[in-house]
Each structure stands twice: as structure tokens, then as C-alpha cells.
Amino acid sequence: MDPSPRFSPTQPLSDRERTAIRMIPFIVGCALFMQMLDSTVVATALPVMATSLHSTPVQMNVAITSYLLATAVFVPISGWAADRFGAKRVFMAAILLFTLSSIGCAMSHNLAQLVVARIVQGMAGAMMVPVGRVIMLRKVPKTELLKAMAFLSLPALLGPVIGPPLGGFLVTYASWHWIFLINIPVGILGIALILHYVQDDYPDSRPKLDWLGFLLSSICLAALVSGFEAIGHSSMPMVNLLLLVGTGLVCGLLYCWHAKHAEYPIIDLNLLRTPTFAISVLGGNLCRFAVGATPFLLAILLQVGFGLSPFSAGMITFTSAVGAMIMKFVATPIIQRFGFKRILMFDALIAGAFVALCSLFRPETPIWIMIAILVVGGFFRSLLFTAVNTLTYADISSEKMSRASSFAAMAQQLGISLGVGCAAVTLNLSMGWRGATHLDLIDIIWGFVVIGVLTALSFFSFRRLAPNAGDHLHQNKKLPRTS
């Protein structure tokens with residue numbers, strides 16, 4: 001029995017329930033923005049933080065990797081925690097822990113203290129977003145899901161592009177401590193809104209934790225994410241890198257064997273038997289290569305290639321967020337007009353083309369042209385992720401939402417990390433082909449082309465969707481009025 005059923009569209013809703021339907025995507029969106037922002041904003045502040053904490057920028061990189069590893073390890077367990085303890089309680093506890101660990105990061109006096117606080121922050125972030133999404137998926141009627149996802153897609157796209165300029169601004173005009181302290185008001189607001197708008201859910205069943213599955217999936221995800229990140233930063237010898245990625249792949253294969261025999265597998269591979277879920281997760285991850293790789297490549301192009309300051313480069317990159325915000329107002333009618341399959345197929349090609357268009361940027365290219373391409377590209381990427389994130393859960397039953405959310409979160413994290421890794425490998429291969437030891441403009445050009453092509457290849461995955469896939473999500477049904 002589902003411990004937290006959806007509002008039924010056939011029953012009258014109270015004013016409070018109507019308000020909750022509108023507010024829950026906002027609450028979850030705040031948590032998602034906090035997590036996405038925190039995972040990117042630190043990189044800009046590392047040199048200043050290194051001086052303050054009596055360390056070096058190279059050593060400070062562990063503050064980023066520790067957060068990513070902690071998130072990777074605990075993402076698989078989020079669905080089980082929601083089913084075991086109740087989604088509302090886990091969500092509130094995760095936001096509270098994330099806020100307190102942010103204070104711990106700001107109060108750190110040395111690198112060791114910062115790393116401990118970042119690990120706790122990563123644990124909380126791993127629980128915060130997937131469990132918050134479970135609450136939204138259970139509470140929001142499916143006829144309202146498209147509008148909710150249009151809002152929820154924004155933070156995932158805004159975080160990576162807002163992070164660098166915001167980090168540069170805070171470090172330049174305030175202090176590095178504020179990149180963590182800004183989480184405090186957001187966390188307090190989130191907890192207050194949860195208490196007011198989210199109903200208690202008391203689970204009827206308490207599934208056992210799949211300890212072996214948790215161990216295998218955590219090692220797999222942590223090894224692959226850290227391996228892809230190491231490729232992006234060239235921070236590991238090739239032998240160690242191959243060993244790390246190999247360990248991740250072996251643990252992944254062992255988990256696939258284990259999941260067939262476990263009573264309650266922590267990552268339910270049977271979800272892949274649902275066509276809309278499987279295609280959205282696998283095809284959508286090719287699209288997410290652009291989310292991880294585009295800010296990475298733009299930062300290198302604008303700073304290394306064009307000689308701009310980090311803050312100036314960040315402000316140009318930020319303009320893609322404008323397109324994403326414009327999309328919020330038009331995504332629902334566009335998808336209702338053309339349907340999920342056509343939108344996903346052709347938007348994948350368009351989004352890939354706009355990533356590849358960035359390869360045409362030159363130092364003499366007018367800034368307004370670069371901004372125009374980034375704004376339009378941000379619009380189409382945001383439309384793409386609104387559609388794919390909604391379709392992911394179109395045919396998932398309410399009692400499987402927690403497992404589907406943790407599965408999708410794990411896959412998304414891999415996709416974004418793999419995008420950075422693919423971009424970095426392309427840069428290294430291009431330099432090797434030229435016999436060079438330093439990056440040149442041509443290397444970055446190839447990076448944009450490869451990521452654009454990989455994004456466009458998701459067309460073939462979305463092509464496998466049924467023509468009427470997701471039609472029941474956008475029938476323009478209105479919630480009935482209360483008597």
C-alpha cells in the first residue's frame with residue numbers, strides 16, 4: 001500500500017491541497033538548486049580558500065572530490081530511506097543536515113575540517129533531491145506533472161551556469177565563507193515550507209536494506225564518478241585511472257547479477273522493463289553530457305582561449321540560464337501541441353546543434369552573437385530536459401516512485417560526470433593528434449563538436465518511443481473545483 005498517495009484528480013481538492021500542489025515543485029526546486037549550486041560554486045573559490053586554510057589549490061581539490069564521492073555513495077540508498085522512514089521526514093532531515101554542514105564548511109579552519117564537512121554535505125545532498133522528487137511525484141497529479149517538471153528542470157540547468165560567476169563575485173567582493181553561508185536562509189525556508197505544505201507520510205511497509213547491493217552500487221558509482229572527474233582534471237596517472245574505472249565497471253556487473261536474486265534490490269533494474277522509463281533514463285543521459293561538458297568547455301574556451309577573467313567568462317556563460325528561464329513559461333503548451341516523442345527527437349538534434357555551434361566562437365566573435373547562441377541553446381536544452389524528466393515517471397506506479405527516483409538520480413549523476421570526462425578525453429586526444437602539450441583553440445573546437453554529436457545521438461533512443469508516449473500527462477485536464 002502506498003504510504004503517501006497522490007491527490008486523486010477525480011475527487012474535490014481543498015484549497016490547501018491545491019496550494020500544496022503548486023508549492024511542492026518550488027520546495028523541491030530550492031533543494032535541487034542548493035545542491036547543484038554547491039557542487040559547482042566551490043571550484044571558483046579554491047585558490048582563495050587554499051590561502052585562507054594554509055593549503056594549496058591542488059590539495060584543495062579534495063574538497064570537491066569528497067563531496068562528489070559522498071553524493072555518489074549515498075544516492076542509491078535514498079529510495080530505500082524514503083520507503084523505510086517516510087519521505088517527508090527524510091527530506092526535512094536531509095535539508096537540515098545540508099544546512100548545518102554548510103555552516104561547518106564556513107567555520108572550517110583547516111583542510112581536514114572542510115573535507116569532513118563536505119562529506120556530510122554530500123551525504124545530505126544525495127538524500128535531499130531524490131527524496132524531494134519522490135514527494136513531488138506522489139503528491140502532484142499526473143495531469144499536473146508536466147508543469148511541475150518545467151519548474152523543476154530549471155535548478156538543474158541554472159546551478160552549473162550560475163555557480164562560477166556567483167562564486168567569483170562572492171570571493172571578489174565578500175569572502176569565500178559566503179559560498180556556504182548562502183545555503184542557510186534557503187535551508188530554513190525549505191524546512192518551514194515542508195512543515196506547512198507537505199503532509200506526514202507513515203510507511204506501512206519497512207523493507208530491509210540490501211546491504212550487498214548498497215556496497216556494490218556505491219563502489220560502482222563512486223569509482224566511475226571519481227574516474228570521470230579525474231579525466232576532466234587530468235589529476236590521476238593513467239594506470240590508476242583505468243584501475244578505478246575498471247573497478248566501477250566490475251562492481252556494476254556484479255550488482256546486475258546480484259539484483260536478479262535479491263528480494264529488495266536497492267536499485268530496481270526491473271524498472272527498465274517500462275519502456276518510457278528505460279528510454280528516458282538511457283537516452284536522457286546522452287543529453288546530459290551537454291549539462292556537464294558545456295560549462296566545462298566554455299570556461300576553458302573563454303578563459304584559456306580568449307583570455308577573459310573568470311568572472312567575465314562566467315557572466316557570458318550565465319546567459320544560457322536566460323533561455324532556460326524563458327522555457328519555463330512555454331514548455332507545457334509546446335509539449336502539449338507536439339507530443340513527447342516529436343519534441344524529444346527533434347529537440348535532441350537542435351540542442352546538439354547549438355552545442356556544436358559554440359565551436360564557431362572566436363576571439364573576434366561579437367559577444368552578442370555568443371550570447372544569442374547560448375540563450376537559444378539554453379532554451380532548447382531546458383525544453384528537452386523538461387520533456388525527458390517528465391516522461392521518466394509517466395508510467396511508473398506510485399509505490400515504485402522512490403526506487404525510480406533513486407535510479408534516475410544515480411543515472412543522471414553518471415551522465416553529467418561522463419560528459420565532463422568525454423570532453424576532457426576529446427581535448428587530450430586532439431592535443432595528442434597534434435603532438436602538442438598545451439591546449440589550443442582547435443582542441444576546444446573538437447570538444448564542442450563531439451559533445452554536440454553525442455547529444456544529438458539521443459535522437460535514435462527517443463525514436464523508439466511509442467507515438468502516444470506520455471499523452472495521458474498533457475490532456476489539459478483541470479483540477480475540479482471544491483464545492
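**View 1. Helix 6, end to end.** The expected span of a helix is 1.5 Å times one less than its number of residues. Helix 6 covers residues 111-139, and its 29 residues reach 42 Å from first C-alpha to last, close to the 42 Å expected at 1.5 Å a residue. Helices here are DSSP runs of H or I with at least four residues, strands are E runs of at least two, and both are numbered from the N terminus. This is a predicted model, where local features need pLDDT of at least 70, side-chain atom pairs count only at pLDDT 80 or more, and totals for chains, interfaces and linings use all residues. Residues are numbered from 1 along each chain as its sequence is written, and side-chain values use heavy atoms, with hydrogens and water left out.

View 2. Helix 6 is largely enclosed by the rest of the structure, because 23 of its 29 residues are buried (under 20% relative accessible area, with a 1.4 Å probe and protein chains only). Across the chain's 483 residues, 57% count as buried.

**View 3. The cap on helix 6.** At the N-terminal end of helix 6 sits its cap, Asn110, with a side-chain oxygen 3.2 Å from the backbone nitrogen of Ala112.

**View 4. The whole chain.** You'll find 19 helices and zero strands. Take the contacts (heavy atoms within 4.5 Å) between residues at least 6 apart in sequence: 85% of them join residues at least 24 apart.

Terms used:
Buried < 20%, exposed > 50% of the residue type's maximum accessible area, 1.4 Å probe, protein only. Polar contact = N/O pair within 3.5 Å; in protein donor to acceptor, adjacent residues only side chain to side chain.
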